[in-house]
Amino acid sequence: MNALASLVALAVAVAGLLGGDASREALALDPHAERFAPGIASTRYSEIRLTLSPDGRTALWFSRDRPGGEGGHDIWFSHLQHGQWSPARPVPFNTPGRDFDPAFTADGRFVLFCSDRPGGLGGDDLYRVPVQGLQFGAVEHLGSAVNSPANEFAPMLAPDGGTLLFSSDRAGGAGGHDLYVARVDDGQLQPARPVAGAVNTAAQEFDATFLGDGRTIVFARAQDFGSSRVEQFAARAFGGRYAPGMRLPAPVNDGASDSYGAMLDWSRPGTLTYSARRGDGASLDLYRVSYRLPPSLSIPGPPVRR
């Protein structure tokens, strides 16, 4: 290949990364998704954002309508025993308010989550709780570097522990909920910034997760909460900036029902968890699906930190 042809090939690849070529950008998904723990975690109630511990033995998620918790939104957990998931129980750190969007860290030492409990800065704030086995420690507010008087959703710490990803509807964004990142330096969260590039739009962007490469994100987008379908998209940073993202194929999106609450499965490399309304449409269930990064999303490079 001569120099001119090489330059053209590079330009085509860059165009695909920036959103111009769906065949290059689309995340490759296994056509069959696994419904997680039917009757225990996936029930007739709405279950959202499944997160697995690194050893695969503890599962957490939240429900906004399952009875038996402290409030309307509660986090639940189950433990794998002799190959079977134990009956679901509400976590002890739930409150009568909203507790939701749990996410294990890659080392399994903490669970991040959201809550509107007293003592925050306003609305839904980001928190963490230490985990040791089946025991949860004291809840810690993540502070004003990432929290605001507005609402913060779906915290997720990158695989290398160096970047916190979440969404917020604070002032100054592109519109509605936008995606934000905060660098972690010497264990301290630095002030949050909107995710660079074109991923944030006038629509609602939320419920984001890093994939295993630490550069690609999967996130939910809806024009309006409650009045339009929610679907999931994938985008990868190129030159430190994210493209608008490409809509994920089936089985994550089916073109008819809501799909959101994505989370990297720490116990299975190359696996994504998510929530979707399928079948009779009675509720949101929890799913796991294997993924593969296509060539345009697999260019080597260090994780993006901004």
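**Pockets, confidence and core**

Biologist: Which residues lie nearest the centre of the second largest pocket?

Modeller: This is a predicted model. The second largest pocket has 16 lining residues, and its space comes to about 320 Å³. Strand 9 (110–115), strand 12 (140–141) and strand 16 (188–189) each give at least two residues to that lining. Nearest the centre are Arg 128, Leu 142, Leu 157, Gly 187 and Leu 189.

Biologist: How many residues of the lining of the second largest pocket are charged?

Modeller: Split by class, the lining of the second largest pocket holds seven nonpolar and five polar residues. The charged residues number four.

Biologist: And the largest pocket: what is its volume?

Modeller: The lining of the largest pocket has 18 residues, with Arg 64, Phe 153, Phe 206, Phe 225 and Tyr 260 nearest the centre. Strand 8 (99–104) and strand 18 (204–210) are the elements that contribute two or more residues to it. By class, the lining has nine nonpolar, three polar and six charged residues. The volume of the largest pocket is about 380 Å³.

Biologist: Where does pLDDT stay under 50?

Modeller: Over the chain, pLDDT averages 88, and 87% of the residues score at least 70. One stretch under 50 is residues 1–23, with 21 contacts beyond four places in sequence in the model. Another, with 24 such contacts, is residues 298–306.

Biologist: Which residues have the most contacts inside the largest nonpolar core?

Modeller: The largest nonpolar core has 69 residues. Another core, of 12 residues, lies apart from it and has Phe 36, Ala 37, Trp 76 and Ala 88 among its members. Beyond four places in sequence, Leu 164 touches residues including Leu 112, Leu 126, Val 146, Tyr 180 and Leu 189. Those with the most contacts inside the largest core are Leu 27, Leu 164 and Ile 217.

Biologist: Is Gln 223 buried or exposed?

Modeller: Gln 223 sits in the loop between strand 19 (216–222) and strand 20 (231–238). Its relative accessibility is 52%, and the cut-off for exposed is over 50%. Gln 223 therefore counts as exposed.

Biologist: Which residues is Gln 223 in contact with, leaving aside neighbours within four places in sequence?

Modeller: Gln 204 is 19 residues from Gln 223 in sequence, yet the C-alpha to C-alpha separation is 5.9 Å. With sequence neighbours within four places set aside, the contacts of Gln 223 are Ala 203, Gln 204 and Ser 228.

Key
Residues are numbered from 1 along each chain as its sequence is written. This is a predicted model: local features need pLDDT of at least 70, side-chain atom pairs count only at pLDDT 80 or more; totals for chains, interfaces and linings use all residues. Side-chain values use heavy atoms; hydrogens and water are left out. On a 1 Å grid over the protein atoms alone, a cavity is a set of points where a 1.4 Å probe fits but cannot get out, and a pocket is an open set with protein on both sides within 12 Å along at least five of seven lines; lining residues have an atom within 4 Å of a point. Grid points are joined across faces, edges and corners, and a volume is the space filled by probe spheres set on the points. Helices (H or I, at least four residues) and strands (E, at least two) are DSSP runs, numbered from the N terminus. Ala, Val, Leu, Ile, Met, Phe, Trp, Tyr, Cys and Pro count as nonpolar, Asp, Glu, Lys and Arg as charged, and the others, Gly among them, as polar. pLDDT is the predictor's confidence in each residue, from 0 to 100. Contact means heavy atoms within 4.5 Å. A nonpolar core is a set of buried Ala, Val, Leu, Ile, Met, Phe, Trp, Tyr and Cys residues joined through side-chain atoms within 4.5 Å. Buried means under 20% relative accessible area, exposed over 50%, partly exposed in between (1.4 Å probe, protein chains only).
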